[in-house]
Amino acid sequence: MDIRKLQHVVALADTLHFGRACEQVNLSQPAFSRSIRALEDELGVALFERDAHGVQITPYGQTVVARARRMLFDAVQMRDELHHMTQGGYGEVTVGLGATPARLLAARLLEEGSRLVDGSHVRIRRGATERLLAMLNDGLLDFFCADIAPLDVLEDRGNLEIRPLPEWPVGFFCRIDHPLPPEQAVSLNTLTRYPIASTSLSPFALSNLQRASALKVSFATRITMESDSLEDIVLATMRSDAVLLASRPVVWSELRDGKLREIGIAPPLGGRGGRFGIVTRAGAKPTPLAARLTGIVADTFDRFAQAF
């Protein structure tokens, strides 16, 4: 059914006058009359009665006009939604975040969702890389951002597209009045006399720390406080003698506000931190909104990598 004919019949129903309806749709009266007649022929009923007193809508016409209004509204909505989709401003996206990325990205992505048009939806799901991978494979995530080191052990990664992100430096942090002297660098051996707080670390990260510490026992055994929520362990660190192992960017606000301080390590840890990346299903074409959100993730990693 021609959408223009529906517009014409609604215009005539609103004005009950051929001349005014023609002006409203910017069409000549002969062409307008042919359009109304064509729709009546197509439907097999008279939509309007014409007599010396003017134009009257028939019961059939009332039914058609009511439907036509809804169809025209839906057509406008569809056009607007498609426009917003092409601009990345409409849709539904579910994002998986590991503990470290979630610290800086969760609120930012949800804030972006608040700017989208009605009917849009941005969801955040948190978890370790293994859990996020399972959710991605089950079709429950559009993409996730997490430590990609655990993916190295997968026998087949052909179904994944992994986009590495700039690495963030790691450090050890404590509350501002911690017993460790602020002006003196300490060894990792000395550091492990205090409870160590951390998110779940990959074997890659633990191996690096093991080599750097030269401990005779497993470094993992020195981690006594562990959580998938960085907010929890940051707060616990500020309230105890615990030492927090984390990427510098995720505690920048606490460092700035004097709530935490970085502990000097001798010899320095060197190198960078965890290997983070954006993971999607191979061959999956992202929606404009998903592409917009992955752009925010990549930009955040770039900015903090340069700042630290």
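Student: Which residues of α5 meet which residues of α9 in this model?

Tutor: Ala-99, Thr-100 and Arg-103 of α5 meet Leu-230, Glu-231 and Val-234 of α9. Together, the residues of this contact comprise three nonpolar, one polar and two charged. Please bear in mind that the model is predicted.

Student: Why are α5 and α9 called roughly perpendicular?

Tutor: Their axes come within 9 Å and cross at roughly 95 degrees. Angles of 65 to 115 degrees count as roughly perpendicular, and α5 and α9 are therefore given that description.

Student: What makes the buried residues of α9 lie on the same side of the helix?

Tutor: Helix α9 spans residues 230-238, and its buried residues are Leu-230, Ile-233, Val-234 and Thr-237. They cover an arc of only 105 degrees around the axis, which puts them on the same side of α9.

Student: Against which elements do the buried residues of α9 pack?

Tutor: The buried residues of α9 pack against helices α5 (99-114) and α10 (252-256), and against strands β7 (170-175), β8, β10 (243-247) and β11 (260-262).

Student: How do you know that α2 and α3 are roughly perpendicular?

Tutor: The axes of α2 (residues 18-25) and α3 (residues 29-43) come within 10 Å and cross at roughly 95 degrees. The range for roughly perpendicular is 65 to 115 degrees, and the term therefore applies to α2 and α3. On the α2 side the contact is made by Phe-18, Gly-19, Ala-21, Cys-22 and Val-25, and on the α3 side by Gln-29, Phe-32 and Ser-33. These residues divide into five nonpolar, three polar and no charged.

Student: Why is Asn-26 called exposed, and why is Leu-16 called partly exposed?

Tutor: Exposed means over 50% relative accessible area, and buried means under 20%, with partly exposed in between. Asn-26 has 70% relative accessibility, so it counts as exposed. Leu-16 has 35%, so it counts as partly exposed. Asn-26 lies in the loop between α2 and α3, and Leu-16 in the loop between α1 (3-15) and α2.

Student: Why is Thr-192 called buried?

Tutor: Its relative accessible area is 11%, and the cut-off for buried is under 20%. Thr-192 therefore counts as buried. This residue is in the loop between α7 (188-191) and β8 (196-198).

Student: What makes the pairing of Asn-189 with Thr-192 a polar contact?

Tutor: The backbone oxygen of Asn-189 lies 2.7 Å from a polar atom of the Thr-192 side chain. The cut-off for a polar contact is 3.5 Å, and the pair at 2.7 Å falls within it.

Student: How do you know that Val-64 is buried, and which residues does Val-64 touch?

Tutor: Val-64, in helix α4 (residues 59-86), has 16% relative accessibility and so counts as buried, the cut-off being under 20%. Leaving aside residues up to four places away in sequence, Val-64 touches Leu-43 and Leu-47.

Student: What separates the C-alpha atoms of Val-64 and Val-279?

Tutor: They are separated by 50 Å, and the two residues are 215 residues apart along the chain.

Note on methods. Residues numbered from 1 in each chain as written. Predicted model: local features only at pLDDT ≥ 70, side-chain atom pairs only at ≥ 80, totals over all residues. Heavy atoms only, no water. Axes fitted to C-alpha atoms, helices over the stretch in contact; angles between N-to-C directions. Helix = DSSP H or I, 4+ residues; strand = E, 2+ residues; numbered from the N terminus. Parallel < 35°, antiparallel > 145°, perpendicular 65-115°, else oblique. Contact = heavy atoms within 4.5 Å. Nonpolar A, V, L, I, M, F, W, Y, C, P; charged D, E, K, R; others polar. Buried < 20%, exposed > 50% of the residue type's maximum accessible area, 1.4 Å probe, protein only. Polar contact = N/O pair within 3.5 Å; in protein donor to acceptor, adjacent residues only side chain to side chain. Arc of directions from axis to C-beta.
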